[in-house]
Amino acid sequence: MSPDKKVRPKLATGTEPHLNSGGVRTGTRAAIAAPHLRTDRWWLAPAATAAGLLAFIVYSTWRAFADAHYYASPYVSPFYSPCLAERCEPMPGGPNWAIFGSWWGISPAIIILIFPLGFRLTCYYYRKAYYRGFWASPPACAVAEPHKKYTGETRFPLILQNIHRYFFYAAILVAGILTYDTVLAFRNEHHEWGHMGLGTVVFLVNIVLIWAYTVSCHSCRHIVGGRLKHFSKHPVRYRMWTWVGKLNARHMQLAWASLVSVALADFYVYLVASGAFDDPRFF
Amino acid sequence: MSVVDRQEWDVVVVGAGGAGLRAAIEARERGARTAVICKSLFGKAHTVMAEGGIAAAMGNVNEHDNWQVHFRDTMRGGKFLNQWRMAELHAQEAPARVWELETWGALFDRTKDGRISQRNFGGHEYPRLAHVGDRTGLELIRTLQQKIVALQQEDHRETGDYESRLKVYQECTVTRILKDGRRVSGVFAYDRESGRFFVLRAPSVVIATGGIGKSFKVTSNSWEYTGDGHALALLAGAPLLNMEFVQFHPTGMVWPPSVKGILVTESVRGDGGVLRNSEGKRFMFDYIPDVFKDKYAESEEEADRWYDDPDRNRRPPELLPRDEVARAINAEVKADRGSPHGGVFLDVSTRMPAEVIRRRLPSMYHQFKELADVDITAEPMEVGPTCHYVMGGIAVDSDTAAARGVPGLYAAGEVAGGMHGSNRLGGNSLSDLLVFGRRAGWHAAEYAAGLAGARPPLDDVQVDEAAAEALRPFSAEGPVPGEEEGRPPENPYTLHQELQQAMNDLVGIIRRESEMEEALKKLADLRVRARRAGVEGHRQYNPGWHLALDLRNMLLVSECVARAALERTESRGGHTREDHPAMDREWRHINLLCALTDPTGGLAATDPVRGQITLTRETTDPIRPDLLALFDKEELVKYLAEEELSSDQL
Amino acid sequence: MTSYEARFKVWRGDAEGGGLEDFKVEVNDGEVVLDIIHRLQATQAPDLAVRWNCKAGKCGSCSAEINGRPRLMCMTRMSVFDREETITVTPLRAFPVVRDLVTDVGFNYTKAREVPSFVPPEGVGPGEYRMMQEDVDRSQEFRKCIECFLCQDTCHVVRDHEENKPAFAGPRFLMRVAELDMHPLDAAAETGLDRKRAAQDEHGLGYCNITKCCTEVCPENIKITDNALIPLKERAVDRKYDPLVWLGSKIRRRAT
């Protein structure tokens, strides 16, 4: 016997899509005119995020296109490492290989920066940060977003966010090279081993944070163990997954810390290379 | 002809907690078209509050465990008043019911070798409770809910309609069982959201509505626990069994007032928590009753050794059955040795390191932190008894869960009586839901199938009467409530509060004859006033109206509790008489049955002496000899009367 | 015990319309917002509709928005507010309103039915299931969910875009997909059901832009985004955007 239509089918009530997109003011919802009723300073977090990211963008754009003051023996700015064009300053023992010939006319930073930039741009934390901070999608939880339409990461270009994993592989290579740079920083300006200066410390801190940020990545967590169905059959990968998981819980903090440290390392090189500051040598 | 909407089903299940959902799954799998009606949203039933676990003798942790040991523990816990056949079926079938949950997707905590882990609990000889942290009830409900969805998906593939064979009417309340002669013919219900009435015609009705805690002021139960199923069965002519047995859980929160009664799980004591009075003394050592003397530690040193070495030490008295602990706390508070807010101290902070507490008791840590601002890793909790469970309920056949005297009516879960005797062991409720939920669904489906074409017809007069009764708070018929004698209508919220206060004070954990007589008078008075309970507004989602209708059920059930408690002149399990403090072996084989005084189902009886409820005594079936043989004779003499023991099987 | 008089604004009305109504109401030590709503019912507005059950944060019935934030009323203590503050309580704003603080959460039940259920492994009988604790940990975290639907309410994908409701299951039910995909004995793959692919194709995983509001409002502190949604996205990448897998499937398709 078919259910009597007059009794409302309880489980199906209200599921008819109302296709008028009034957002939280859609006709069937509680009639409240305000886009949100939050009384706390919800705008502070997205505003601070946007300000922080903007500051980095301005700084890094200037430095990337400056094409100058990026090498002060034994230090090479992380923005310019590896340096892959013929026009690069010579860096004895350093990561410069003239893969790109003399035809490359602009700053060699551009060749390499695409990789860390892509890694951070598709990073699950930074996505949250700029979707909220720049796109206001949403500005904060339960605060109405200003957009009429939303398709998320279902179509071009945002569907490309799914390539994060490949940028992660690239980021490992870049981190490896920056590690090499840090090793080179244990030389003096005459390329003799067994020396240390303040710059060495700056590079050390930076490389630790870069590695911590890189391996705390969600893709990394997935690759080392997250994709497994049975941890019990892969005890080593399970232990690695647990360890990456602990770092991953701090992914946001590491993202910011490494962003600041990489800018500082570059700025330090700039100061030394431009002669504005003399690298204090310890031994 | 009544204009109320109607639908036809084979089996209607009232209540969507563990028992109701298990019954619905069983009925549907046996081919019955099944409807479930519940007062809340699907998946919110009170079962989610169960914390400890499901008792089932799987023997995963201790291989000596088996159904006979579980049966023995259950009978001891219930002080031998249990309907022994139910206790037997329960102990035998519980493991299969738990394993079945795994095939539906449940994820219990595991042992080292990958089987279901089992934990210790009060009254259970071996580690027996399958659990998921301290949220086992949630896992149970979610698993059953998802199994129902799975069945609906199956139906959708075959018929194109998710609800063709199994449908959940959520946020609907049943107010009457409809009958054709003695037989069930359907239910009358209203939709809480719209206030509209509807009738489900069905030859089989399974009642699985849970308990009665909302008749008491301090309770761990949610608003739904208004004794609806108990009252529906009474009104349909089915008797209630041993309603005097109400379990007060020893440890509920007492402060702040708004959370008074919320449960503090028994695992706190199982994991090492101790009870102290205001003088700092572990008072439970003074309250070990004679029947348990040889099983519990006599000194703090021995009790403390038990946690690490349970084989060579006796367990701490904090782990006595719930009724004993609740009475002890009550006595300490009465003797002015209580905590500032009228409880006693339950302390884990001096017993375990802070991180261990946070790991083992995560939800207790949060509950106290967020609701009482108490950090249980640094200071003791204040706890006191809270109304938790009713052992009494609808009298049912042990094997089929059929209610007595009303063909087509079944009951399972807390609303059914008998299984737990006078006191329920922790962990036995969840297994009870599964074992008897399944049996109720099975036999309800079978009964419906057996009737085939000859289904009981609906009686329009009953439908109209039920509609009129439900509309009374709006004064849809007769004079405006309150105006008949020039008095204002009664506020249902006020009536409810007075009822809760009366039951708490007069028929609470310790009972006296004079107080219970006073309670009956108060109940009669409330009954008169409840007829004038008026509500404002309209029928759409009107909580005042819903409460006014629930009052009828709470008043009926409360009277059952008070009358049965007055009648039973002994103390046993969840029934403690100050004027009859000892357990009496002559009462061991006596059941008290409550039935409606006016069998026509009218509620006009307002005479406080006579009331609405009539009690009858009944002698229970003798325990089957092979089951009796599971106990030592020395133990049995403490419980059984001479003539029961003289049977030669021993 | 100290008490004071608080100012409340409570939304009252139904699908036809309504608005914020002002109340002055007594507040005592240790009370939560739900206590105050109950006091309003008992003393000033007997027909004020509110959904609640356990009052202990375990059933997930009393979801509402308090000062604009999705929360459980029973777990929001009055002591977190200033005494001078006016406290605004409204129904969930992502779902159709029924009456006062009660909304029609049917959307969630519809979505629940669209997620294919657990598939028991063949040839493993009841009682024979063997699973290691470390293998069930992940799914157990998701099964802590009390279905309060605060995550579904706060998720801007449907909160701000009603038209996305048919295509998007919401955090709660994407987490359910993740739970089943991580279940050590789920045999969906053997029956030809690819949960990872279905998450993207059927349940709208791509709509999620991992802005983490679901995690922020979860009263059970489940790490919905980090432990369910992102791993699910990565699993979908395994299936759909890994060039080797893509190439393999192309070749296989050509071969057949």
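In this predicted model, the axes of helix α1 (residues 18-29) of chain B and helix α11 (residues 428-451) of chain B come within 7 Å and cross at roughly 35 degrees, where axes are lines fitted to C-alpha atoms, for helices over the stretch in contact, and angles run from 0 to 180 degrees between N-to-C directions. Helices (H or I, at least four residues) and strands (E, at least two) are DSSP runs, numbered from the N terminus. Residues contributing to the contact include A23(B) and I25(B) of α1(B), together with L433(B) and W442(B) of α11(B), two residues being in contact if their C-beta atoms, placed from the backbone, lie within 7 Å.

Chain B also holds an open sheet of four strands in the order β17-β12-β19-β20, with antiparallel pairing; two strands pair if DSSP finds at least two bridges between them. The edge strands, β17 (393-394) and β20 (613-619) of chain B, each pair on one side only. Strand β19 (residues 590-596) of chain B runs antiparallel to β20(B) and is joined to β20(B) by seven bridges, and C594(B) has L615(B) in β20(B) as its bridge partner. Across β12 (240-241), β19 and β20 of chain B lies helix α15 (residues 543-567) of chain B, running at about 50 degrees to β20(B).

Residues are numbered from 1 along each chain as its sequence is written, and chains are lettered from A and ligands numbered from 1 in the order in which they are written. Local features need pLDDT of at least 70, side-chain atom pairs count only at pLDDT 80 or more, and totals for chains, interfaces and linings use all residues.
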